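Dear colleague,

Please read them with the model open beside you.

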Amino acid sequence: MSIAAAKGIYDGLVFANLEDGLPFIRDGHFDATISVGVLSYVENFSALFDSAARVTSPGGFVVVTHRTDLWDNNTNGVRTESTRIEECGVWELAEVGEPEAYMPQNPDPTESQKSIRIIAWKKKK
C-alpha cells in the first residue's frame, strides 16, 4: 500500500478483505469492477460476488481473471455462486474467455504451465 500511495496516482487506497464485503463503497459506485490475480485466494465467493454486484452500477461490468483449473473445477463454489447471482436476476454471464497463459515466464514449470480465464458479467438494470 505504501508503494501505491507513494506513486500519487490514486484518489484513495483502502486495505480490505474482499470476503468481508465492501461496506465503505456506496451502491452502484463503479461502472466496472475489475479483479486481476486475486480470486485464487478467495474462499467465500458469495460475499465477494454479492459485494461486486452491489458496487457496480446497472449496466456495468464485473470482470475478473481466475485460474482455469479453479474455475473449471468449481473450486470453493466459484461457478455455483456465479450462477446463483445470475438466477437471482442480478447479473448475466457475458463472457468466459478461453484459457490464456498465467505466468509463462515463471522459471518454476508448475507455475508457468498454469492458465487463467477472463470472466465478465453484466449487471442487469
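The largest cavity has a volume of about 30 Å³, where a cavity is a set of points, on a 1 Å grid over the protein atoms alone, at which a 1.4 Å probe fits but cannot get out, and a volume is the space filled by probe spheres set on the points, which are joined across faces, edges and corners. The structure holds one cavity of 30 Å³ or more. This is a predicted model, in which local features need pLDDT of at least 70 and side-chain atom pairs count only at pLDDT 80 or more, while totals for chains, interfaces and linings use all residues. Residues are numbered from 1 along each chain as its sequence is written, and side-chain values use heavy atoms, with hydrogens and water left out.

The lining of the largest cavity (residues with an atom within 4 Å of a point) consists of Gly-37, Val-38, Leu-39, Ser-40, Thr-65, His-66, Arg-67, Tyr-102 and Ile-116. By class, four of these are nonpolar, four polar and one charged, with Ala, Val, Leu, Ile, Met, Phe, Trp, Tyr, Cys and Pro counted as nonpolar, Asp, Glu, Lys and Arg as charged, and the others, Gly among them, as polar. β2 contributes the most to this lining, with three residues; strands (E, at least two residues) are DSSP runs numbered from the N terminus, as are helices (H or I, at least four).

The largest pocket, an open set with protein on both sides within 12 Å along at least five of seven lines, has a volume of about 710 Å³. Of its 24 lining residues, Val-14, Leu-18, Leu-22, Ile-25 and Ile-34 are the closest to its centre. Two or more lining residues come from each of β1 (30-35), α2 (45-55) and β2 (56-67), and β1 gives the most, with five. The lining of this pocket has 21 nonpolar, three polar and no charged residues.

With best regards
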